[in-house]
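User: Could you walk me through the sheet in this model and tell me what the terms rest on?

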Amino acid sequence: MHTNCNFIYKMILEKINELLQQVDSLEAKNAEEVEKLRLKYLSKNGELNELMKDFRNVPAEQKKEVGMKINELKQRITDRINALREACTTQESGDEAIDLTRTPYPIQLGTRHPLTIVTNEIIDIFSRMGFVLADGPEVEDDLHVFTRMNFAADHPARDMQDTFFVSQHPNDVTKNILLRSHTSSVQARVMENMHTEDGKLTGPIRVICPGRVYRNEAITARAHCFFHQVEGLYIDKNVSFTDLKQVLLSFAREMFGADTKIRLRPSYFPFTEPSAEMDISCFICGGEGCGFCKHTGWVEILGCGMVDPNVLEQCGIDSKEYSGYAFGMGVERITNLKYRVSDLRMFSENDTRFLEEFQAAD
Ligand SMILES: [Zn+2]
């Protein structure tokens, strides 16, 4: 009996030491695994209760020593499991606090396209002079692109070779559908909608029309099948050529510098009479003459003129009572002048190395 009791004493101490060694290496990834550990060690059928069954058979004189060991073991297992449970809870509530609006990768901020930068600058300048933005469709009918703009029926711009037609109906200008070849179609739409039955304006028209236009051209460094324009239109009573010249001078000075001079040369457009091309003094050489201005001291930037009375009448406005001016410029042309982009194709190639060059300009 004594030997048997001694054997139990030794056996239980060995078991306790074995379990004590395991305590620190107990691990749990989640609450479920913590619960499994609790069941394994601390539940009714767990390891500790198994020890307590053997403890009954430990000799009385060794009960105190073994009892203390079992208490130590129980305390350490309880502490370890509580610590693991706490770690899991913290981790899980941490998961809930994740900011789901954050992207997993950093957002790379782009830059504005140079044509957008310049268009915005042009719009800003004319807005300060009282012009408001007007917009219209890029897929237009002949009526607004050509007929209302006083283009003759046999004008070469109506030719397939110059314009992209979507559908053609030779005898109906409203069914001749095409990609607009200029933003003047927007002017036509504005004029149509700004007068009464008897041709009176409902208010002065002072609009700026930016947008993309299309021409059937071979793509080279100097020409493209699409480009961008900004056109302006002002119609009221007693509008004169002097008003036009003053507005364009203010624009040129704001856009290219306070010392900029302008000159107007006679020209021809179907929709204006008289018509002019406007040059600005070369801002590279200051008008002295250089390679950039082909030694003339002047650089061409836009076309302009007084709105042809036929255009006013076409759009339902009384040309005896009202007059107006219009002007139009190519955004690519202005951008090339400001930033010396030598190849038009670079604007539509989407090469980010080129576009990033304009980061500081915006
Ligand atoms: Zn020059």
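Analyst: Happy to! In this predicted model, seven strands form an open sheet in the order β1-β5-β6-β10-β9-β8-β7, with mixed pairing. Local features need pLDDT of at least 70, side-chain atom pairs count only at pLDDT 80 or more, and totals for chains, interfaces and linings use all residues. Residues are numbered from 1 along each chain as its sequence is written.

User: What makes β1 and β7 edge strands?

Analyst: β1 (132–133) and β7 (262–269) each have a single partner strand, so one side of each lacks a neighbour in the sheet. Strands here are DSSP runs of E, at least two residues, and helices are runs of H or I, at least four, numbered from the N terminus.

User: How do you know that β6 and β10 are joined?

Analyst: Pairing takes at least two DSSP bridges between two strands. Strand β6 (residues 226–236) and strand β10 (residues 323–330) have eight and run antiparallel, so they count as paired. Val230 stands opposite Met329 in β10.

User: What makes you say that helix α8 packs on the sheet?

Analyst: Helix α8 (residues 241–256) touches β7, β8 (272–281), β9 (298–307) and β10; contact means C-beta atoms, placed from the backbone, within 7 Å. The direction of α8 makes about 120° with that of β7, where axes are lines fitted to C-alpha atoms (for helices, over the stretch in contact) and angles run from 0 to 180 degrees between N-to-C directions.

User: Which strands does helix α10 lie across?

Analyst: Helix α10 (residues 331–339) lies across β6, β9 and β10, at about 60° to β10.

Key: Two residues are in contact if their C-beta atoms, placed from the backbone, lie within 7 Å.
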